[in-house]
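Hi,

Here is the structure I said I would pass on to you. Have a look at it first, and then read my notes below.

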Amino acid sequence: MANTLLNQIVNIINAAVLAGVPLLLGTTGEIITEKSGHLNLGVEGLMYIGAAFGFAAGYYTNSEALALICAFLGGVLGSVLYAFLTVTLRANQNVTGLTLTVFGAGFANYIGDALINSTASKAVSLSAEVKAAFNPVSIPGLSALPIAGKLLFQYNMFVYLAVAIAILTGLYLNRTRTGLNLRAIGENAAAADAMGVRVTQYKYINIMLGGGICALGGAYIAIVTCGGTWIYNCVSGQGWIAVALVIFAGWSPYRALMGSLVFGGLSVIRFYLPGGYVPPAMLSMLPFVVTCVVLVVTSVRSARGGNQPAACGVNYYREER
Amino acid sequence: MHSNARRVAIIAALVLALCSFSMLSANAEFAPVPKDQLKVGFVYIGDVSDKGYTYAHHQGTLAMQAALGLTDEQVLYKTNVSEDAACENAILELIEQGCQIIFTTSYGFMDYTEALAAEYPNVIFSHCSGYKSNGVNFNNYFGRIYQPRYLSGIAAGLKTQSGKIGYVAAFSNPEVNGGADAFTLGVRSVNPEAEVYIQYTSTWYDPTVERQAAEALLDLGCDVIAQHQDTSMPQIAAQNRGVWGVGYNADMSDDAPDAELCSPIWNWGAYVTAAVQSVIDGAWTPENSFMGMKEGLVGLSELTANNDPRAQALIDEAAAKILSGEFDVFDGEIKDNTGAVRVQTGQRLTDAEITSIDWLVEGLIVK
């Protein structure tokens, strides 16, 4: 009995990690973007673009590495659009981000439809080799450990990649000169400008970097969650949870690791609780209820000086006083 | 002046009302429509590429178009229509484009279809999966999908080794629960000890959530995953664990070739073709339609090579009984999962009882 309970807990944590990875990538990407003073609400759209680029590249090249690289580049392209509109043309950031969401979803489904219609069976799947590259890893000696094996050493390589990206992002933001300059821009672009930091260049590069990481989250959904088969509307709202998670994580990639595990856990817990007691609709609300609570808590906290970059959401005009 | 204007308005309203009454009575029967002037409209909730619910509907549409020899300009469809005011707009556009008959294919389109049917008595409205109709120009159609679900349960019951079968379901409503009941009855007809665990996702279409629900059932030790969902994700989850699956809506063996046993499928063309033909003939009547395997509206996809060797013979035998009417799934005695007898020996549930089932059969457990 105790053994099955333990197994069940291990299963929940395993499922929570898998559910959390696209959220972690979306959140990490958005943290970098917001640190440059730009609120990009287009995470959902970037994820879609990443899903389409990654899937199409994997489909045509049969290479898992190219799939990841193309997904990243897709996100870079999508966020260049955003950066051009908001940094250079100083368009409203919220509206631009929303537009990117709509554009990304439409673009990805268009590509997906084209792929599907190019086959006789009306189903497109990646080749067995590409799929196998994202199977759970098997590390000799470690993966077979009784509990720790399933908890730590039995994920697909995308999971470890996402964790590494989050940790590297934390180091970049907090331990490097470039990261310090970036944070200065997010707090007060005029001051950073006066200090001699190239504001526009920084903004472009970091928005592109953030967009690319968001897009990897979409590639995870298309390649791992959907098992390498193209599914219409595959991202279905996870980009929005990532936007909320940025606040939950207090703009820290390290806390994003914990936050995405919690949100991943909240989204799968309903399938592991004994059924029939709590209405399923209540359980499926959980991640969103927690988001609301977090928003309330953080807005109370930010009244006392929160973690949000002070200039986030405000476009920078050099000559403006 | 004022009272005059009001009088005119009242008279105008009366005249309008009289006109619409006379139109109603004139349209109790519909005049034949020459085939080259016919236009048929469809409102879909999803995309025709979803490999599931909308895909199946669209296959029926294409079958109808081919059978009746209509051109692409005569068959109009709206995709990705949500169950809100967008549905009303989609229907109005189809009316404006000159459709004589409009099929709305999702449950949530029902009330919009009903309202517009009253407003446009010259147009025929046919709604899928609901329960409303107006006896004039608005009917509903659905089918006995529980029959092939029972047959797919036989395949699952023979295949399982753990005796645990997972069922990923959208919502706890009569359509879903009745289908799960039929499936479980099929499972236990060949494997009386097996149990079916049902997991509700609260969504018809969400690849991530469907996958997560399936994974939870697999973690529980289920080695066959059946589904009442619109994507093939539960099948893909089963395939990744090296176990088996029973799909839904369309043959899903392209998406999960090593897992798929069979799928209960819809051949919407069987109904849609007949309905459109009756419009051409001027013979359309507002009767509700609830056809089954006998009429070819529902069926089971071909069994794949993944099946137990006994499956084909046992399924053929049960299918023959269903086709002859000797057996119809909900034949007593049937107990629910609390042990209470719901269908007495010798009793057969009526159509109305089948479409309003709110209990789960013995062996079907909510997880």
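Let me start with one helix in chain A. The buried residues of H11(A) are Gln238(A), Gly239(A), Ile241(A), Ala242(A), Val243(A), Ala244(A), Leu245(A), Val246(A), Ile247(A) and Phe248(A). That makes 10 of the 11 residues in helix H11 (residues 238-248) of chain A, so this helix is largely enclosed by the rest of the structure. Just past the end of H11(A) sits Gly250(A), which has a positive phi of about 60 degrees. Keep in mind that this is a predicted model.

Leu245(A) turns up again in the nonpolar cores. The largest nonpolar core has 190 residues, and Leu245(A) is one of those with the most contacts inside it, along with Ala51(A), Ala215(A), Ala219(A), Tyr167(B) and Ile225(B). H10(A) gives the largest share of this core, 13 residues. Over in chain B, domain 1 (32-143 + 268-291) and domain 2 (146-263 + 301-366) both contribute residues to this core, so it lies between them.

What does Tyr167(B) touch, leaving aside residues up to four places away in sequence? The list is Ala180(B), Phe183(B), Val196(B), Tyr197(B), Ile198(B), Gln199(B) and Ala226(B). There is also a second, separate core of 10 residues, with Ile185(A), Ala189(A), Val199(A) and Tyr316(A) among them.

Now for how the two chains meet. On the chain A side, 29 residues are in contact with 25 residues of chain B. Which elements of chain A give two or more residues to the side that touches chain B? They are helix H1 (2-35), helix H4 (93-117), helix H10 (199-225), helix H12 (253-268) and helix H13 (280-302). Sorted by class, this side of chain A has 14 nonpolar, 13 polar and 2 charged residues.

Finally, the two domains of chain B. Domain 1 covers 32-143 + 268-291, while domain 2 covers 146-263 + 301-366. Their C-alpha centres lie 29 Å apart. Between them, 8 residues of domain 1 of chain B are in contact with 8 residues of domain 2 of chain B. On the domain 1 side, the largest share, 3 residues, comes from helix H2 (residues 53-68) of chain B. The residues on that side of domain 1 of chain B divide into 4 nonpolar, 2 polar and 2 charged.

Cheers

Terms used
Residues are numbered from 1 along each chain as its sequence is written. Chains are lettered from A and ligands numbered from 1 in the order in which they are written. This is a predicted model: local features need pLDDT of at least 70, side-chain atom pairs count only at pLDDT 80 or more; totals for chains, interfaces and linings use all residues. Two residues are in contact if their C-beta atoms, placed from the backbone, lie within 7 Å. Helices (H or I, at least four residues) and strands (E, at least two) are DSSP runs, numbered from the N terminus. Ala, Val, Leu, Ile, Met, Phe, Trp, Tyr, Cys and Pro count as nonpolar, Asp, Glu, Lys and Arg as charged, and the others, Gly among them, as polar. Domain bounds come from an automatic or database domain assignment. A nonpolar core is a set of buried Ala, Val, Leu, Ile, Met, Phe, Trp, Tyr and Cys residues joined through C-beta atoms within 7 Å. A residue is buried if 20 or more other C-beta atoms lie within 10 Å of its own, exposed if 12 or fewer, and partly exposed in between; C-beta atoms are placed from the backbone.
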